[in-house]
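Where do the rings meet, and what is buried?

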Amino acid sequence: MERGAAAAGALSCTFRSPSPSPTSPAAPHWRPLLGFRSRSRSRGRGWGQRAVVAGAPRLFLPPPCRRFRYCSQSKLLGMNKGQNRCSLATFSSFGQSGISLNNEDLVKEKLLIDCGEDQDCVIDGIVALGKFDALHIGHRELAMYASKAGTPFLLSFVGIAEVLGWEYRPPIVARCDRKRVLTSWAPYCKNVVPIEYQVEFSKVRYLTPRQFVERLSRDLKIQGVVAGENYRFGYRASGDAAELVKLCEEFGLSAFIVRSVMDTARSYNGVTTSVNSSDKGQVSSSRVRHALAMGDMEYVSELLGRKHRLVLTVKENHLQERKRIMLPKSCMLNMPPADGLYENCDLVNGGHLGLCRVIINSETIEIEMKDENSLLPNTIQENQQLGIEFG
């Protein structure tokens, strides 16, 4: 399994684009759903407070501690650690209880695949949980709330399609481009760039919700989690956001559940399209994929909070003329929009090469620069990576 954004800096994909303004219309603010401070008194720092729904009358009588403001309302997040547990039950492929592993066995089975043997990359951090395929504005919202409570991390799960036998789909964001996108989130995250770490899905597939939260607390030693209100976890997605809050309270972790970022319904040919059965109008990676498949790049930009960037690796069979480049589709590292003509695009390769128009067909991608002097000799070389940003 390939490594996540933490390792992307070692790749040659070093594109940069201006960070979005946190005050722009593309940076909406939604009221968080609920949050709690741990009832645990481990290390003598906890104090009791149950989960509350935002907007409900409540009285806080807290001891001196850090206070975080969310959407004009104060929330308190606990920072206590859970106590170690001595064993972790496993499950067979049929979901039945298996052998009991002790702490020594668990240490050998790393949870983070891109962190190292010590697994100390997210200690004392606040981790946002999810798949984070598209890195859209809903995902950015989770990172924003994590940054309000501590050091923000993204904990994404990879290898789900391979394990469950799903058909392969190209990623929405090229793996080598994820660090650039996360860097653009810094203005929303108190000028801190969220760091992404990955969990191999096969290693957590059979964990119960309790076992999963226990590993977050004991093995990764985090301070808390942030998740969306529709978040599911544990074997066969048996755990929901409410159970996540309950288990985090039990293990001395802070939890914060954030309302979904809602999207204005779009229609194509006069027909409102439901992306899938779980679509309730929220921004989702499925909606991004659907918009890309329709070639609606304005809609894609609204969902992502940025322009979509298609990353290409230049191969020896590319064609280059004075102001035109043609590459086979096999050069693509992520999902392209639908076949067609796209005006007002930008070509980048670590710097801005110029404005262009792009023609995508079933076999090739043709890039035509507006300025014939944009492509100087040797500007485009074999094995170089190019990015097309769709306006």
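Tyr235 has 13% relative accessibility, so Tyr235 counts as buried. Buried means under 20% relative accessible area, exposed means over 50%, and partly exposed lies in between, with a 1.4 Å probe and protein chains only.

A word on the source. This is a predicted model, in which local features need pLDDT of at least 70, side-chain atom pairs count only at pLDDT 80 or more, and totals for chains, interfaces and linings use all residues. Residues are numbered from 1 along each chain as its sequence is written, and side-chain values use heavy atoms, with hydrogens and water left out.

Now the overall picture. The chain holds 10 helices and 20 strands. Helices (H or I, at least four residues) and strands (E, at least two) are DSSP runs, numbered from the N terminus. Of the 391 residues in the chain, 52% are buried. Take the contacts with a separation of 6 or more: residues 24 or more positions apart account for 70% of them. Contact here means heavy atoms within 4.5 Å.

Next, the aromatic rings. Rings of Phe, Tyr and Trp (its six-membered ring) pair if their centres lie within 6.5 Å; planes under 30 degrees apart count as stacked, over 60 as edge-to-face and the rest as tilted. By this rule there are 7 aromatic pairs. One of them is Phe153 with Tyr197: the ring centres are 6.1 Å apart and the planes stand at 40°, so the pair is tilted. This pair links distant parts of the chain, with Phe153 in strand β8 (residues 152–158) and Tyr197 in strand β9 (residues 195–200), 44 residues apart. Phe153 is buried because its relative accessibility is 6%. Tyr197 is buried too, at 10%.

Tyr206 and Tyr235 form another tilted pair, because their ring centres are 5.4 Å apart and their planes are at 45°. Here the link runs between loops. Tyr206 lies between α6 (201–204) and α7 (209–218), while Tyr235 lies between β10 (224–228) and α8 (241–250), 29 residues apart. One aromatic cluster is made of Phe157, Phe212, Tyr231 and Phe233.

A charge also meets a ring. The charged end of Arg140 sits over the ring of Tyr188, 4.0 Å from its centre. The rule asks for NZ of Lys or CZ of Arg within 6 Å of the ring centre and within 35 degrees of the ring normal.

Arg140 is also one of the buried residues of α3. Helix α3 (residues 137–149) has 13 residues and spans 19 Å from first C-alpha to last, close to the 18 Å expected at 1.5 Å a residue. That expected span is 1.5 Å times one less than the number of residues. Helix α3 is mostly covered, with 12 of its 13 residues buried.

Move on to α8. Its buried residues are Ala241, Leu244, Val245, Leu247, Cys248 and Glu249. After α8 comes Gly252, with a positive phi near 75°. Leu253 sits in the loop between α8 and β11 (254–258). Its relative accessible area is 0%, so Leu253 is buried. Leu253 and Glu214 are 39 residues apart in sequence, yet 9.9 Å apart in space, C-alpha to C-alpha.

Finally, the open sheet. Its 7 strands run in the order β14-β20-β17-β18-β19-β16-β15, with antiparallel pairing. The edge strands, β14 (309–313) and β15 (319–320), each pair on one side only. Two strands pair if DSSP finds at least two bridges between them.

Follow the order in from β15. A hairpin of 3 residues joins β15 to β16. Those strands pair in the antiparallel sense over 2 bridges, and Leu319 has Met326 as its bridge partner in β16. Then 5 bridges join β16 to β19, again antiparallel. Pro328 stands opposite Thr364 in β19. Elsewhere, 3 bridges join β17 (residues 340–348) to β20 (residues 385–389), with Val348 opposite Gly387.

End at Ile365, in strand β19 (residues 364–369). Ile365 is buried because its relative accessible area is 0%. Not counting residues up to four places away in sequence, Ile365 touches several residues, including Leu310, Leu312, Met326, Val358 and Ile388. Ile365 and Gly340 are 25 residues apart in sequence and 9.8 Å apart in space, C-alpha to C-alpha.
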